[in-house]
Each structure stands twice: as structure tokens, then as C-alpha cells.
Amino acid sequence: MTVSNDASDLKATTGAQGATGAKLSALFAGTMGPLIGLVLLCLALTLTTDTFLTVRNILNVLDQITVLGIMAIGMTLVILIGGIDLSVGSVLALASMVMGFVAHPDYLNLGLPAGIAAALFVAGLCGLVSGLLVTLTKLPPFIATLAMMSVARGLANMITDGSQIVGFSDWFTNLSIIRHFGFLSVTVGLMIVLAIIFAIFLNYRATGRSLYAIGGSAEVARLSGIPVKSLTNWVYAICGVLAGLAGIVLAARLDSVQPSSGLGYELDTIAAVVIGGASLSGGVGSIGGTTVGVLIIGVLRNGLNLLGVSPFIQQVVIGVVIALAVATDTWRRRAQ
């Protein structure tokens, strides 16, 4: 009897460990290739530069990827359901301009908390409108978010007639400057917390798993009882809110807001998600992979700057990386 109980306990323990390992692997599903690429990139830059592998530079990389990292979390959700959002850069600009207009003493002067709340509301509304254009009017996500990109950018310019707003409270700018515990700013901590929350949501909540089902086949998901239209609307709204939050973080870093901010950010955001192993056809991807993709772009830009590479050449290099990532995704799907 004792031997039998011991065997049962051993089997239960082994099963629990296997389940835990499976859950951990799910959090970082499909990241092995991008992770190897990140390690090789860091190794190459360490060998070719004297300053890359220093504490100061690594902290600078983390600061530089914060805005992209927050936006990429929302884009991951959108791409998981088989969608795309080209408006995130413009929504970032609109949200930051709304915050500045509401909070700055030269305009409404209602204070930063009110400005931040207004910015997140407007950003979420933009995302929701994009979602409704997709679910109600049946517009392709590319067209719906392209239209929102133009509308949001125009509104951002209309708020102050194209002028930037400069100068915010010290406590606000300190969120991205002061390093707590010697290395962690509030803005970087915010990105990390959001990544953890959404990784848990996608892997341990039924709603999160439903997003994968929608990306695999929206019709099959609908027949299975998943509220496809409702979840699609929520996903685009959340993506909008995170783009607005990224705009607030950018404002804290720059101590200013301007309607031209966020230009081209949508491309970097999509690239980070795809480089991280997500499929543009939907149903494949993870927050862990996106995090690796964001780090690859951040490290690549930082390393090229340290090497003195021209910004124009940097654009070419980033474009080649994006093309290779999409090609890899295509080859992987054909092999499956």
C-alpha cells in the first residue's frame, strides 16, 4: 500500500511539473528563433563596440523601447485575431495632444490627471471606432484603420493648429527619468507590468484563448459560441488605449507633445510583433515573442547608432529585417 501511494504521489508530482512546464512554454511559444537571433545580435554588437554591453547602455535601450513595447502589446492582440491596426501612431499623437490641451496651463489647465484620463478615453474611442468599422461595416481592417490613421492625425493637428505643447510638471517627467532601485524607471516598470498582465490573460483566461480561436477561424469560433464581433471591438479598443498610453509615456520622456509624433510607429510596432513569431494571418503569437521582437528592434537601432551607421542605412536594415521576418512566417505556414 505504501509503495502504491508513493508511486501515485510521484506520478502526481511529475504531472504537476509537466503541466507547469507546459504553461511556461505557452507563455513563450514560438520565441526560440527570435530569442536566438537576439542573443546573436547582442553578441555581435558586444564584439564590435566597446559600449554596448554596459549597464548604462542597456538601461538606455530599455528606456528607448518603452513606447514601442506598450504599443506592441496591443498590436499583438489585434494580429492574433487576424487583424491589423495602421492607426496606432496617429492615435498616439492624438492622445498626447489631447492630454497636453486639457492639462497645460496655456490651454484648459485642468491638471495632468484629467489630461491623462481624457487622452486614454479618446484613444480607446478611436480604437473602438476602428473595431466597429471592421465588425459592422465589414471593412477590411487595413482600410478601416488606414481611415482612422488619417482622421486621428488630422484631429491631432487641429487641436493646436499644428503647434506643439511644451513643459509639464516635474513629477510627470520624472516618471521616465528617475531610476528606482538604481535601474528601473516608472515608465519601464509600467511596460513590464503590462507585458506580464497580458501574457497571463492570453494563456490563463478563457477570453484570451478565444482570441487565438478567432484568429484561427472567425467562423468556427462564432459557431463555437465565442462572441467574435464583441471581442474584436474590445481588442481594437484596447489597442487604442495602449497606443494612447504610449503617447503619454512619450510625452513624459520628451516633456512635450506634438501632432507629428508617432510617424512610422505603426510599422515598427507591426514589425516587432511579426519578428517575435506572430503570424499576420492570425492565431499565432505571444506576448513573450513580442517582447523579444521589441528588444531586437531596440537593440538593432541602438547598436547601429553606436557603430555610427547613417539613419538612412538604418531604415534599410530595419526594412530587410521586417521582410525576413514576414518571409519566415510565410515559409513556416507553408511547411505546416
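Visitor: So a salt bridge here is a side-chain nitrogen of Lys or Arg within 4 Å of a carboxyl oxygen of Asp or Glu. How many salt bridges does a search of the whole structure find?

Guide: The search finds 3. Bear in mind that this is a predicted model, where local features need pLDDT of at least 70 and side-chain atom pairs pLDDT 80 or more, while totals for chains, interfaces and linings use all residues. Residues are numbered from 1 along each chain as its sequence is written, and side-chain values use heavy atoms, leaving out hydrogens and water.

Visitor: Great. What does the side chain of Arg301 meet in a salt bridge?

Guide: Its partner is Asp268, at 2.9 Å from N to O. The two come from distant parts of the chain, 33 residues apart: Arg301 is in helix H13 (residues 287-306) and Asp268 in helix H12 (residues 265-275). Helices here are DSSP runs of H or I with at least four residues, strands are E runs of at least two, and both are numbered from the N terminus.

Visitor: And is Asp268 buried or exposed?

Guide: Asp268 is buried, at 16% relative accessible area, whereas Arg301 is partly exposed at 29%. The cut-offs are under 20% for buried, over 50% for exposed and partly exposed in between, with a 1.4 Å probe and protein chains only.

Visitor: Which side chain does Arg179 meet?

Guide: That of Asp63, with 2.7 Å from N to O. This pair also joins distant parts of the chain, 116 residues apart, with Arg179 in the loop between helix H7 (170-173) and helix H8 (186-204), and Asp63 in helix H3 (residues 55-80). Asp63 is buried at 9%, and Arg179 is partly exposed at 28%.

Visitor: Where do Glu219 and Arg222 lie?

Guide: Both sit in helix H10 (residues 218-223), 3 residues apart, which is about one turn of the helix. An α-helix has 3.6 residues a turn, so residues three or four places apart point the same way. Glu219 is partly exposed at 42%, and so is Arg222 at 47%.

Visitor: Switching to rings: how many aromatic pairs does the search find?

Guide: There are 4 in the whole structure. One of them is Phe168 with Phe172, edge-to-face at 5.7 Å centre to centre and 65° between the planes. Rings of Phe, Tyr and Trp (its six-membered ring) pair if their centres lie within 6.5 Å; planes under 30 degrees apart are stacked, over 60 edge-to-face and the rest tilted.

Visitor: Which residues do the ring pairs link into a cluster?

Guide: Phe168, Trp171 and Phe172. Trp171 and Phe172 have ring centres 6.0 Å apart and planes at 80°, so that pair is edge-to-face too. Phe172 is buried at 1%, while Trp171 is partly exposed at 45%.

Visitor: Now H11. How many of its residues are buried?

Guide: 20 of its 27, so helix H11 counts as mostly covered by the buried cut-off. H11 (residues 228-254) reaches 39 Å from first to last C-alpha, close to the expected 39 Å, where the expected span is 1.5 Å times one less than the number of residues. Just after H11, Asp255 takes a positive phi of about 55°.

Visitor: How far apart are the end C-alpha atoms of residues 273-300?

Guide: They lie 15 Å apart, and the span is 61% helix and 0% strand. For residues 139-160 the ends lie 31 Å apart, with 86% helix and 0% strand.
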